[in-house]
Every structure is written in C-alpha cells, then in structure tokens.
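Hi there,

Here is the structure I promised to pass on to you. Have a look at it first, and then read my notes below.

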Amino acid sequence: MFFSSDGPTESIDFLKHPGPHRYANFCVRIASAVWRSMLPCVACILCVSNGEGFSQEPSKPETPVIDRIFPPGGQAGTAVEVTLSGKPGAPPLSLWSSNGKLSAAFSEKNDKVTITIPADCPLGVHWLRFWNPAGSSSLRPFVVGRLPELLEVEPNDRHAEAQAISDGQRVINGVLEKSGDVDTYTVPVSAGQTLFVSVLGKRELSSPMDAVLQVLDEDGAILIQNDDDHGIDPQATFKAERDGILRIRLFSFPSDPNSSIHFAGGANYMYRLTVSTGPAVDYTLPLAIQTGIDTSVELKGWNLNPDGATVPVLAGAPEESRSVPFDSAMPVTVSVINMASLIEGRTIQSNDASHSNGASRSKSAPTVIPAAITGVIHKGGERDHWQFQGERGKNVTVRVEARRRDSLLDPAITIRSQNGAILKEADDLSGTDLDCESTLTIPDDGLFSVEVRDRYAHGGERYFYLLTVTESRPDAKLSIRESVFSGTTDKPLEIPVTIDRTNGYSGVLDFRVEGLPEGVTAAAARSEKEGDSSKAVTLRIEGSTVEAFSGAIRLIARDSETGVVRAATYRPPDSMAEIDTIWLAWPVTQ
C-alpha cells in the first residue's frame, strides 16, 4: 500500500496488468499523493516566512573591500578624484585618514571619491581607511606631494606614442596594466639642467613590481638606466649638455621572481613617477637635529645653488620629524632627537660645551654619549672612525641608519677598544633591513671607537649615514599582524600581540583596549617578565551592544612598576610606517 496524509491508496497492481496507459495513470496518482503529503510542510514554511514561526536572521551589511585606489596620491592644495576598485560595501561610506587632514566626498555609487587636500597638509604618505557601519577596508596609502600631477594616458608604449610632459615639474600617476606594458614619456630640458626622475612603486604603494627606469635621447639611445635605488624602486639623474627632448621609459619585472622572462604588469602595478628639472633634495646635513634648538640644515641634491642651500628649521619634540620648508621635487624632512648632533668635519650642535670640538674624517675628538653623527663615505674603500668616551660596565647601543633614509650605503660597523681589540661587529639587521645595530657592555673606562664602512667598499656623495651611540635602555615593542578586526556575539574576539623585549627589559605589562563601545569589554591580560606571556599575549574581547559599532581602537600596555605606556602598532606591507590605531567592527546583539 502507498500511504498519504489521507490514508492508504490503491494497491500497486500495474505489474500484474502492464500497459502504458495504466503506468501513466499510476504515476499521476503517485504525484498527487506526494503533493497531498507535503501540504502540511508547505503550510509550515509559509507560516515561517510570514513571521508566524521562527524569524529569519537579517542579512549582514557588506564591509568595504577596497583592493586599490587610483590615483594613489595628489598635490597639496588640490582636490583629486580617486577611483575605488573592489566592493564599496553597504552605504554610507566614510573616509578615515591617519592624520585627519584629508576630507572626502563620495559618488552616488561609492565607486569614486573626491579627496580634498589642504594647502598646508603634511607631505608624504597618509594612510586611508574606507569604512561603513559594518567595518573597514584595509589601510591604503595616499601620497601628498608638492608638484602638479598628471594621469598616465595610454597608448604610450612606443616612442611615437610617448606622453608629453609640458614642463619639467610633474608627478605622473600610472599603471603598467598588462604583461609586456611599457610606459614612455617625453620632457624638454635645457643645457646644464639635471633631469631628476624617481619611481615610487614597491615601497609604500606595495605594487608587486621591480621597475626599470631608462632615460633616452631623441633617437632612442639609452643615456642612463637604473634598476634599484630606493630599495628596488629606481631613480635616475642625467645632466643635459644641450637643449632638447629626453625620453623616459619605464617597465617592470615581478618583485617576486618567477620563471617568466617578459615584462610584467597588472591592475595593481601602480606607480608615481616624479619628473623634475628643478630643485630636488636628496638629504640634509645633518640628518637629525637636537630637540629644543632652532638650527639650519644644508641641502644636498640636484639643481640646487652651487654655493650650497641652507634652510632654517625649528626644532620640535623628540622622536618627531620636521618638514624642511624648501620647494623640492621630493619632500624634505629632518629627524628631531634628544641628543647632540654632529656633522662630519664640523662642530657639534649642542648646548653642552663638551661637544664643541669638531671631528675629522680619520681621527675624531672623543665624543660624549649620547650623540648622533651625520657622515658620508665619499669614495670607495673609505672608512670613517669615531671615538667615544666609555664607562666600564655601561651598556651602549651603536646604530647606523642609511637604507631607511634612502642612502646607497650598505653599512657595516666594527667597534674596537682603546687598544684596538675588536669588541663587536655588525652588518644587516635582517634579510630585508640592511642597516645595522649592535649593543655591548663597555669593558673598561676610556675610549672606544666605531668604524663605519660600506659592506662592498663602495662610496660617493649619496653614501650618507646617521650614526647614533646611546646608553642602552631596556624597552619593549608591541606589534600586531592585522589592522582590521570583526567581532561576533557568540564567541570572544582574539587579538594576538607580539612583545619584543630588548636590552634586558623585564617589566610586567598590563594590557587594556581603548575605544571599545559600551557593553563590549576586554578581559584582563598581562605579560609577565618570564615565560610564554613575556613574548606574546592574546587579548580577548566580548560583549553585546544595542547599536552596531565600527570605529578606531588602540591596544595599550602599561608597565606595572614605572607606569610607562606603550601602544601596539601595525606595519603596512612594504612600509616603515607604524600605525597604532586599528579598526574594530562589532555587530548588534540580536
């Protein structure tokens, strides 16, 4: 028997009396019985959909996912229309910037945004988030510059198609948009002018490109080529002997090498090409100035006054950089430090009379710790020696910064005692950080020396460095691997924090989270001076809120004994920036 909601139906007897009509009739009866048996389930489903049973969970608003922004920068004092690639998420969309100077107006579809840059906006990289009530995009770099800007116009692969730059003061925002793409530009030059060309691609913008830059004459002959200058981003200069038109050609290989042997490209192969026949500053002497002292810095670079260019700078608070007020193709900044600052071969900038003697290239007068020295390895094979007054038992940190300041120097140091014995040697900090640092305990009272050299015995005017010798102080650096987090109401959100303790730091750190919405809390977390928690802790956030939250938070650790407060930071890919503001999205409790 076949059972339906109405009871048993006729028995299945078509096997005894076969025939197509009988079989078809049987199938119709079967379908009818099945439908009748399903009616109660259908009614139940209809009731549920009408809200008479359990309710459906509302769909979650989409979080913005912005893969790239183009152009990735603009000139100070202008408004720039920027195209957003990716998914803008549910409206309304808003902009967060790392220093709060930029404002935004979004298009109706949220696929474009007009970013207004104030005339007094700090030059350099600003970090952007595009956010809505559901969450935030990852950080995206936006570069503010001084020169007028252009967009690349295709086609410009061939010499005959080269895009003309009307004058020698421009920044071009471009994309090597497909495999095999080559971008070509022309620029007028006058006899005696130096053409300065610099690419920003892999660094800061995190474009997956290892660019090659060429300057060619009007006939297409290569005058100069550069592959790597600022990291793997190229930069080139060429001094024109006569009036004419020069060509600039740019192409790329993948930054992560593969088996291909052709030029690489793609939608994310973005770059900013700075072209200038005007002043372009490379670095300053000194590279750092002492806090609390107004001073002047000497500018080094191209198309500057032959007699030297000196610019006054007002000192600010320690551990800040100050913008140098000078009309240069590239932004000029100088570090502000809480110690004496010495320029090689000149007097120390200091309020302390003990620093009044200058230092020669091969033999320096003893320098009191702490101190910073700006030097240059002027020629290949040259070695700079600096003497310092040491005190037995003191822990001292010797550091050389060069590559992080866009110097060509690959520094190496040797530290010797007064009798010439080698105490320490140091080279690269890591496989990706070519600067060097060493910490040592001074064995005896008296002098010790620091030798600075290029690892490969190279040299030149662009092989500059900043040497600092300071008393080692115990410290801790807190870091996180992500900058955007989303919570849920059914389980705690976990945020791991890495703790890098240096110079014997043994403080106990108590963590808290600043900026959480009402109803959401972070469990107490402590990093002890020993054990697993001394190296890493996991912050657990949970709770409920009546309104969705999407906003900035900070992870803070306080030394339980000294009260010193530190913030956990995030470093964007291919950047030296450290961002201490992360983003949290927390849903409404159902």
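Pro 155 sits in the loop between strand 12 (149-151) and strand 13 (163-164). Strands here are DSSP runs of E with at least two residues, numbered from the N terminus. The peptide bond that leads from Glu 154 into Pro 155 is cis, with omega near 0 degrees.

Residues are numbered from 1 along each chain as its sequence is written, and side-chain values use heavy atoms, with hydrogens and water left out.

Now for the positive phi values. Ala 457 has a phi near 60 degrees, positive although the residue is not glycine. You will find Ala 457 in the loop between strand 36 (446-454) and strand 37 (464-471). Its relative accessibility is 42%, so Ala 457 counts as partly exposed (buried means under 20% relative accessible area, exposed over 50%, and partly exposed in between, with a 1.4 Å probe and protein chains only). Asn 503 has a positive phi too, near 55 degrees, and lies in the loop between strand 40 (493-502) and strand 41 (509-514). With a relative accessible area of 35%, Asn 503 is partly exposed.

Which strand runs antiparallel to strand 40, joined to it by six bridges? That is strand 44 (residues 536-543); two strands pair if DSSP finds at least two bridges between them. In this pairing, Val 497 stands opposite Val 537. Strand 44 also pairs with strand 42 (residues 520-522), in the antiparallel sense and over three bridges. There, Val 520 faces Gly 543 of strand 44.

Finally, a word on confidence. The protein chain averages a pLDDT of 87, and 86% of the residues score at least 70 (pLDDT is the predictor's confidence in each residue, from 0 to 100). Over residues 1-31 the pLDDT is below 50, and this stretch has 23 contacts beyond near neighbours in sequence (contact means heavy atoms within 4.5 Å). Residues 38-57 also have a pLDDT below 50, with four such contacts. Where pLDDT is low, the predicted coordinates should not be read in detail.

Enjoy exploring!

Key. Predicted model: local features only at pLDDT ≥ 70, side-chain atom pairs only at ≥ 80, totals over all residues. Helix = DSSP H or I, 4+ residues; strand = E, 2+ residues; numbered from the N terminus.
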